[in-house]
Amino acid sequence: KQTETAPTSAYSSPARSLGDTGITPLSPSHIVNDTDSSVSEQQAFLVVVAIDFGTTSSGYAYSFTKEPECIHVMRRWEGGDPGVSNQKTPTTILLTPERKFHSFGYAARDFYHDLDPNEAKQWLYLEKFKMKLHTTGDLTMDTDLTAANGKKVKALEIFAYALQYFKEQALKELSDQAGSEFENSDVRWVITVPAIWKQPAKQFMRQAAYQAGLVSPENSEQLIIALEPEAASIYCRKLRLHQMIELSSKAAVNGYSGSDTVGAGFTQAKEHVRRHRQSRTFLVENVIGEIWSELEEGDKYVVVDSGGGTVDLTVHQIRLPEGHLKELYKATGGPYGSLGVDYEFEKLLYKIFGEDFIEQFKIKRPAAWVDLMIAFESRKRAAAPDRTNPLNITLPFSFIDYYKKFRGHSVEHALRKSNVDFVKWSSQGMLRMSPDAMNALFKPTIDSIIEHLRDLFQKPEVSTVKFLFLVGGFAEAPLLQQAVQAAFGDQCRIIIPQDVGLTILKGAVLFGLDPTVIKVRRSPLTYGVGVLNRYVEGKHPPEKLLVKDGTRWCTDVFDKFISADQSVALGELVKRSYTPAKPSQLVIVINIYSSEHDNVSFITDPGVKKCGTLRLDLTGTSGTTVPARREIQTLMQFGDTEIKATAIDIATSKSVKVGIDFLNY
């Protein structure tokens, strides 16, 4: 049989290569909100454990479902840094030369540091590797990471090792507390990811959790992937006045008037941190906090989650009576975390000592480089707007020594010659930075954050924001607090939770205890399926014409399920009905596509990616009478960060399911 085909377009057309398996819509298509049917029976977990896998530091916290008002933050870890007090541990991992997991956190860092430099070159040390998931455009299961010695390792393996480590630590702590072995099946796990991550990165986290044995793919609902700013939002709802600092000049808090609130607020915060350093259990009263109770139906607030790697901005709106949250504007942000400050410090070192030397030093003396960055970290945390005395950064001995060998003159000479203002050499072997020099390192990153917020405040949906919550590790930086306060203090009230670095962790635990609190999200992508439509002269491009058995079809049509930035209720089902383009066809293939753009007409449009295939095989069902127009119903259910699709043949109720997959296509 001869099929006549129109001239092929520049793109190869997937529908044509599928031969006779195409589908065409049965009109009309409709959206059904089947909220009742989609609420899954809650499994009874004894405990919720949330893991905050951060760019620079990580931690976990947990709460027993019997006493949800108690949130326990993980035990103190061995090690720890001068000038850095927190209950999280650095996100660093060490593998042996044979690529087996050795240690994580302070332990990894200290062990690596104590190795003989020649031996250290054989070991694989990784830090700040989470950013790779944000910056890699075409993330797959095979994406590599580079260790400090320049060797490559699979990202999935590293993430799985880290999660497995947290799983073991948490189960050990829970077992010690319970006095008996704690089973993994009793735990609901929550892992937090930045909201601005693309779908593949979110799915990658879930794959890593499967590989780490946190949960099995069969019990996928035992793991929730939570979005960091959402978790922060949930925690902020519970804040009482004594648990936060208000920065804005708009209101006098606790009897302080506007002008001295900022200074007083910081002092209060430092004092609070000092007093509560030992306590690991936080009571979250089962009330809505005072700030929150001032919010009325429809009020909007922004959560600015500034961490080590990224800054995430989310706008939420209150829905009463339960105070559910509704996401108003899709998450925005970018790579403006505190890492940017480290990068500026590196550039400063390039300027003084030469990029060639610094890059060489990193490879040849990786442990000493790590040391130098630790020294910088603790001084970075001492930076403040009103600081007047210089900040001293100790240079490791091997830095001084190696520099002399490399250049033939001393570090001191380099500093004199570089005429970099504000950085001097002190006789004790330290770099002395004036406060201005330190503030300059913060400037590009803080400017990017403010700039981004300004853009966000321009959006009509965001114009009437009542509160701005500043959370995440970088929110501890007084310089950032001051900049946000100066730029937006007169537009909205700026609130900082007191244990700002743990906000997300605690919110994630609350989310795990009650995942229904977030009701409406914005879809980050447009989803649809590839179909054939009847060809209409003048409306459809000629290169899309496909003639089959005398019928003229327009091929490659993108039939939209949901648009980018459309509101999606959690658990919402979108249904469409299709019929095989050729009535006798027994294998029906439905391809699912996604795009960041809204107005997509064809699956061959730029930026459209295939992210799932439903293959319904109806052979062997011919015994039943097949209706003249066979109806194939396709459902998409929008869950947490996962989307499930199902195709059902109505006549035989044969069905096939698939999870949307962004990593394997």
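Guide: Let's start with a term: a residue is buried if its relative accessible area is under 20%, exposed if over 50%, and partly exposed in between (1.4 Å probe, protein chains only). You're looking at a predicted model, where local features need pLDDT of at least 70, side-chain atom pairs need 80 or more, and totals for chains, interfaces and linings use all residues. Residues are numbered from 1 along each chain as its sequence is written, and side-chain values use heavy atoms, with hydrogens and water left out.

Visitor: Is aspartate 661 buried or exposed?

Guide: Helices (H or I, at least four residues) and strands (E, at least two) are DSSP runs, numbered from the N terminus. Aspartate 661 sits in the segment after strand E34 (654-659). Its relative accessibility is 15%, so aspartate 661 counts as buried.

Visitor: Which residues is aspartate 661 in contact with, leaving aside its neighbours within four places in sequence?

Guide: Contact here means heavy atoms within 4.5 Å. Phenylalanine 204 is 457 residues away along the chain, yet its C-alpha atom and that of aspartate 661 are separated by 9.9 Å. With sequence neighbours within four places set aside, the contacts of aspartate 661 are Gln203 and Cys611.

Visitor: What share of the residues in the protein is buried?

Guide: Here's the overall picture: the protein has 18 helices and 34 strands. For contacts with a separation of 6 or more, 72% join residues 24 or more positions apart. Of the 665 residues, the buried share is 56%.

Visitor: There are cysteines in here, so to speak; how many disulfides does the count come to?

Guide: A disulfide is a covalent bond between the sulfur atoms of two cysteines. The rule used here asks for a pair of cysteine sulfur atoms within 2.5 Å. Cysteine 554 is buried at 0% relative accessibility, and cysteine 611 is buried at 0% too. By that rule, the number of disulfides is zero.

Visitor: How many salt bridges are there?

Guide: For a salt bridge, a side-chain nitrogen of Lys or Arg has to lie within 4 Å of a carboxyl oxygen of Asp or Glu. One network of them links Lys128, Asp342, Glu377, Lys380, Arg381 and Glu476. Counted by this rule, the salt bridges come to 18.

Visitor: How many residues apart in sequence are the parts that glutamate 346 and lysine 362 tie together?

Guide: These two side chains meet in a salt bridge, 2.6 Å from N to O. Glutamate 346 is in helix H11 (residues 339-353) and lysine 362 in helix H12 (residues 355-364), so the residue gap between the parts they tie together is 16.

Visitor: Which strand pairs with E27 over seven bridges?

Guide: Strand E27 (residues 551-562) is mostly covered, with nine of its twelve residues buried. Two strands pair if DSSP finds at least two bridges between them. Strand E26 (residues 545-548) pairs with E27 in the antiparallel sense over four bridges. The antiparallel partner with seven bridges, residues 526-534, is E25.

Visitor: In E27, what is the bridge partner of leucine 546?

Guide: E26 and E27 make a hairpin with two residues between the strands, and there aspartate 549 takes a positive phi near 45 degrees. In E27, glycine 530 has phenylalanine 558 as its bridge partner. For leucine 546, the bridge partner in E27 is tryptophan 553.

Visitor: How many aromatic pairs does a search of the whole structure find?

Guide: Rings of Phe, Tyr and Trp (its six-membered ring) pair if their centres lie within 6.5 Å; planes under 30 degrees apart count as stacked, over 60 as edge-to-face and the rest as tilted. There's also one aromatic cluster whose members include Phe353, Tyr402 and Phe406. For the whole structure, the number of aromatic pairs is 29.

Visitor: What are the centre-to-centre distance and the angle between the planes for phenylalanine 53 and phenylalanine 159?

Guide: Phenylalanine 53 is buried at 0% relative accessible area, and phenylalanine 159 is buried at 0% as well. They form a stacked aromatic pair, and the values are 5.2 Å and 15 degrees.
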